[in-house]
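I opened this model to go through the backbone and the ligand site. My notes follow the order in which I looked things up.

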Amino acid sequence: MKLSITINKSLLFLSLFIVSTLPARDAWDWKNIDTSTVVFDTNKMLFGVALAEYQNSGATNLPNSNWAHWEKQPGAIENGQTSGVACDFWHLYKTDINLMKDLGCNSCRLSIDWSAIEPQEGKFDESAVQHYHDVIDSMLAKGITPMVTLHHFVHPQWFEAMGAFEKQENLKFFVRFCVFVFSKFSSKVHLWCPINESGPLAFQSYIIGHFPPTLGYTHLGFKFSFGTAGQVLGNLMKAHVLVYNALKQMPNGDKAQIGFNHQYLNFEGYNVWDKPIATVFRYTFNTVILEFLKTGIFRYDAYGFKATRIIYKDILSCIDFIGLNYYSEVIIRGGDARCYDHEVMTDMQYAIYAEGFYAAIKDLSQFKKPIYITENGIGDAKDDRRETFIKRYLYAMSRAMHDFNADIKGYYYWSLMDNFEWEHGRLHKFGLYEVNFDTLTRTLRPGAACIKQFFKPLPA
Ligand code: BGC
């Protein structure tokens, strides 16, 4: 008996050792890769920056949003910060469009904020509509093609109060807003993203509690509202289909390209004991959504909450392009997010991992839809890794285009300038331009300047 326990224990340790020393994820030999040879045909592709209205304009400019209410709560934002005017894109957009032009951008992904357009239920604000006409016209005048996101994590407080995306019967309000915006802008805007990142939105709101509606951490750091998260995710999938079908039937619907945006965020466990939590995170962020794109069926099964909803069997007929947001892949190690020893962390909980970007493009290419990289960037307050990040990720993208003809139509760097990074406030610095939040001056970071070499217009 004793012997067999000893043997079993040895076997257990041996197997743990084997699993915990599995080869690290795919790693390219960067020392022998020359990223300076990468050139894109900027006459055929869109290159620019991605912005989100709340992150750039803050609670002061968007007082009727759920976030303006949310961020006032003690503990909602790190260091007790609030967004204020953020970087005040609302007023400084002309300056910022010039900055885009200086970088060589020919496109910009921006969001039109629902709470600005419809501050009270059913009451549409014509001055906000005019504001967005001014922004979009200024872009067009500079040769910058707009791509518009209709929901980037923020909605009006009145919509939050009625349960937001938790209730299927509320989707009609989102559709009505999208139809309204499309009726105003579809003659000028042809690229649309109805919803930014459904996975992180549901996860942050209902599992971690870093986003509205309920401040998180009830048990072991998690709210464990997997049921509500699943409900919301399913409703967001449904919302995409409803919006797509509604907009396509409208004037200019045939000219519009309406994309499905997804943050491809994989999680891996470093050691065998890290794997179960990695699997749960990967599942909610990524797997469920990829399965939905394959089948049109939303199948959710997490911690005893099970749901199967047939959303739309022919889902790919409701997607003109895939909008890929890619930052990295998270390695969970000892309950914390870390990286392999040869890798370099960003300021977020993940490393620089361009190989994962290549793999994500490859995976999404299975859907045979054009792909826009709708977000890609690094939080790097010291600006000592940004240049490496930009060069490696753009190299990975060009390699995907070369190796398997990835149909990439555009690339948007996140972000033009430092902004309000949700629960982290102003802690994280994603900007190509550094923002002094006292004076609102913008200064190009040395590590960002190299992006011009990729964005520069080629001779026609
Ligand atoms: C979001 C942005 C966010 C960025 C960096 C993306 O998931 O769409 O709003 O700022 O990641 O964390």
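I started with Asp-383, which is buried, with a relative accessible area of 17%. The cut-off for buried is under 20%, so Asp-383 falls inside it. This is a predicted model, and I kept that in mind throughout. Asp-383 is not a glycine, yet its phi is positive, at about 55°. I placed Asp-383 in the loop between β12 and α13.

I then looked up Asn-79. Its phi is near 60°, again positive in a residue other than glycine. Asn-79 sits in the loop between α3 (66–70) and α4 (89–103). Asn-79 is exposed, with a relative accessible area of 64%. I noted both residues because most residues other than glycine have a negative phi.

Next I checked for cis peptide bonds. The bond from Pro-212 to Pro-213 is cis, with omega near 15°. Pro-213 belongs to the loop between α9 (198–208) and α10 (226–248). The bond from Trp-414 to Ser-415 is also cis, with omega near 5°. I found Ser-415 in the loop between β13 and β14 (433–435).

**Barrel**

How many strands close into the barrel? I get 8, in the order β1-β2-β3-β4-β5-β9-β12-β13, with parallel pairing. On average, neighbouring strands of this sheet are turned by 30° against each other, direction ignored.

I followed β13 (residues 408–413) in detail. It is mostly covered, with 5 of its 6 residues buried. Strand β1 (residues 46–50) pairs with β13 in the parallel sense over 4 bridges. There, Phe-47 stands opposite Tyr-411. Strand β12 (residues 371–375) runs parallel to β13 and is joined to it by 3 bridges. Tyr-372 has Gly-410 in β13 as its bridge partner. From β12 the chain crosses through helix α13 (residues 386–404) to β13, and this β-α-β crossover is right-handed.

I also looked at β4 (residues 191–193) and β5 (residues 257–263). They pair in the parallel sense over 2 bridges. Trp-192 stands opposite Ile-258 in β5.

**Ligand site**

Which residues come nearest to the ligand? Of the 13 around it, I list Gln-55, His-152, Glu-197, Glu-375 and Glu-421.

I then read off distances to ligand oxygen atoms. An N or O atom in the side chain of Gln-55 is 2.7 Å from one. For a polar side-chain atom of Gln-263, the distance is 3.0 Å. For an N or O atom in the side chain of Trp-414, I have 3.3 Å. The ligand on its own has 310 Å² of accessible area, and the protein covers 94% of it.

Conventions: Residues numbered from 1 in each chain as written. Predicted model: local features only at pLDDT ≥ 70, side-chain atom pairs only at ≥ 80, totals over all residues. Heavy atoms only, no water. Pairing = 2+ DSSP bridges. Axes fitted to C-alpha atoms, helices over the stretch in contact; angles between N-to-C directions. Buried < 20%, exposed > 50% of the residue type's maximum accessible area, 1.4 Å probe, protein only. Right-handed = clockwise from strand over helix to strand, strands pointing away. Near = heavy atom within 4 Å. Polar contact = N/O pair within 3.5 Å; in protein donor to acceptor, adjacent residues only side chain to side chain. Areas by Shrake-Rupley, 256 points an atom, 1.4 Å probe, with all protein chains shown as cover.
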